[in-house]
Amino acid sequence: MIPTLLVESTGVLTTVQDLGRLNAVSAGVQAGGAMDRFAHSAANLLVGNDPGLATLECTLTGPALVAEHTCLIAIAGADFDPRVNGAPVSPWTSLFLGPGDRLTFAGRRNGARMYIAVAGGFEADRWLGSLSTNLLAGRGGREGRPLKAGDTLRVAGEARKPGVAGRRMPEQLRPEYGDHTLHAVAGPHLKRLDPDGRRLLFQATYRVGRDSDRMGYRLEGPQLIATGDELLSFGLVAGAVQMPSSGQPILLMADHQTAGGYPVVATVVSASLPIAAQLLPGDELRLADITVERAQTMRRALAGALETLREGAR
Amino acid sequence: MRISPLGDTALLAELSTRLDTAVNTRAIALAAALKKRRDVRQAIAGYASVTVQFDPELATHDSLSAAIKRLAAKRPPMTEPGRLHRIPVNYDGPDIAAVGERLQLTREKIIELHSRPIYRVFLVGFVPGWAYLGPLPKELVLPRRAVPRTLVPAGSVAMAGRQTGIYPLPTPGGWHLIGRTSVKLFLPDSDPPCLFRAGDRVKFFSAQS
């Protein structure tokens, strides 16, 4: 019997995501994928999946799902107060849903994006090598659209490891979601800001603007002016901090445009992207200047934390 | 060449700051060579640059920078001229009259100038299927519109600066819309999902004549 889950309601925006389609970038298609790769991967590993299987990314509010057959799930990322049949359950912990069990969320306590993984992964449309939903192209995931009430979610296959309930990721191994300091490496065009501008970029408090979504965040703060000739368009990456002529930076996120010509004054490092993914419009943040070496140490620490879940599944 | 980090798992190699076909050819060849490496996850050629995303378990900025310099020093392989696409255009875009007024050109002259060159696809990117084409004849050069449109219809043929292009999807846009074409640029059910590839050539012709 293939386990299925019925979507009773979806919340604000729930999409199927995996680790994205980096190969499609040369065709101008955004790489996409989970905004918080750490939480997405952790949820998968907790149920014995490879980190690349499809999860549900739920923004701001959770869905209501009813299990039609027994399945093993895990919830990670933002805390929306998960409940099974009304009783609180722990996030970052694997648990079984039995036939008829109802998974709901009582309300957001912190963060912006929550991930739900199921042992075996969610079945979804594969487009250009990935199950991620691309809303602009209307492809991938669930018919290229957000989930809607009445959808039936099927499990794609067998989990790589046998399922065990109660596997947990300890809090000290998770990213420090409460600390809104985004670590960043100097960008290729940082010198286009004058010394005062460079200092301000890494000292000022920015606020996530209202026009912020999976493509990128507008950062509101001191106006910084980049000088010099117009740049020829070049390939971009998630985490790049662009400085358009308005002087208000844009932080590129998972669904960012593949190329652009604005100066890139900094790049938020891979270890800080999960924290960025959990910010909401109105949240304050700071960009902290670090070296590439420090960024690599931070990346290895998070990769090591995920590795402990992989070992634990043996 | 200037190589700078883009965070901890990517870098940007800037070959030049000029819009130049020869530089673009080198960038495309360099990206293709880098893509074959096991430690490279993706390499995208810009107009005059290559953006490389690498596997941090297999490479560092230093090891990859050295590899890029080595590859760039080699003579690029002789490349075949890119495929030639002939694109029919109805030159009746909403901006063609305003463009004519600002440049002091008749509509006929704009059509003649725009459809004369064989353009090069410098870069595919920005949104799915978008291709930056150029260089545009000097007589047609205009800065972008002061206020971008919030929605440009798919198939709009547009120009700005030394560039021209076709909007593949309905998106916001600040370029001058001089015409439209029925040719589909974004082909979501094909792989690759776009008509144009970097290095291809494009010739427009007036569909009315």
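In chain B, the centres of domain 1 and domain 2, taken over C-alpha atoms, are separated by 28 Å. The domain assignment places domain 1 of chain B at 2-73 and domain 2 of chain B at 84-206; such bounds come from an automatic or database domain assignment.

Before going further, a word on how to read this. This is a predicted model, in which local features need pLDDT of at least 70, side-chain atom pairs count only at pLDDT 80 or more, and totals for chains, interfaces and linings use all residues. Residues are numbered from 1 along each chain as its sequence is written, while chains are lettered from A and ligands numbered from 1 in the order in which they are written.

The contact between the domains takes eight residues from domain 1 of chain B and nine residues from domain 2 of chain B. Two residues are in contact if their C-beta atoms, placed from the backbone, lie within 7 Å. On the domain 1 side, the elements giving two or more residues are helix 1 (21-35) and strand 3 (40-45) of chain B. Helix 1 of chain B gives the most to that side, with three residues. Helices (H or I, at least four residues) and strands (E, at least two) are DSSP runs, numbered from the N terminus. The domain 1 side divides into five nonpolar, three polar and no charged residues. Here Ala, Val, Leu, Ile, Met, Phe, Trp, Tyr, Cys and Pro count as nonpolar, Asp, Glu, Lys and Arg as charged, and the others, Gly among them, as polar.

## Chain B as a whole

Chain B has four helices and 13 strands. Its C-alpha atoms fill a box of roughly 55 × 35 × 30 Å along the principal axes.

The mean pLDDT of chain B is 94, and 100% of its residues reach 70 or more; pLDDT is the predictor's confidence in each residue, from 0 to 100. The model scores ipTM 0.95 and pTM 0.95.

## Strands side by side

Strands pair if DSSP finds at least two bridges between them.

| Strand | Partner | Sense | Bridges |
|---|---|---|---|
| strand 5 (residues 84-89) of chain B | strand 13 (residues 201-206) of chain B | parallel | six bridges |
| strand 6 (residues 119-124) of chain B | strand 13 of chain B | antiparallel | two bridges |
| strand 6 (residues 82-84) of chain A | strand 9 (residues 102-105) of chain A | antiparallel | three bridges |

In strand 13 of chain B, K203(B) is the bridge partner of R86(B), and V202(B) stands opposite Y119(B). Over in chain A, R83(A) stands opposite T104(A) in strand 9. Six strands of chain A form an open antiparallel sheet in the order 7-6-9-4-1-11. Its edge strands are strand 7 (87-88) and strand 11 (152-154) of chain A, each pairing on one side only.

## Where the chains meet

The contact takes 33 residues from chain A and 36 residues from chain B. Helix 4 of chain A supplies the largest share of the chain A side, four residues. That side divides into 19 nonpolar, 12 polar and two charged residues.
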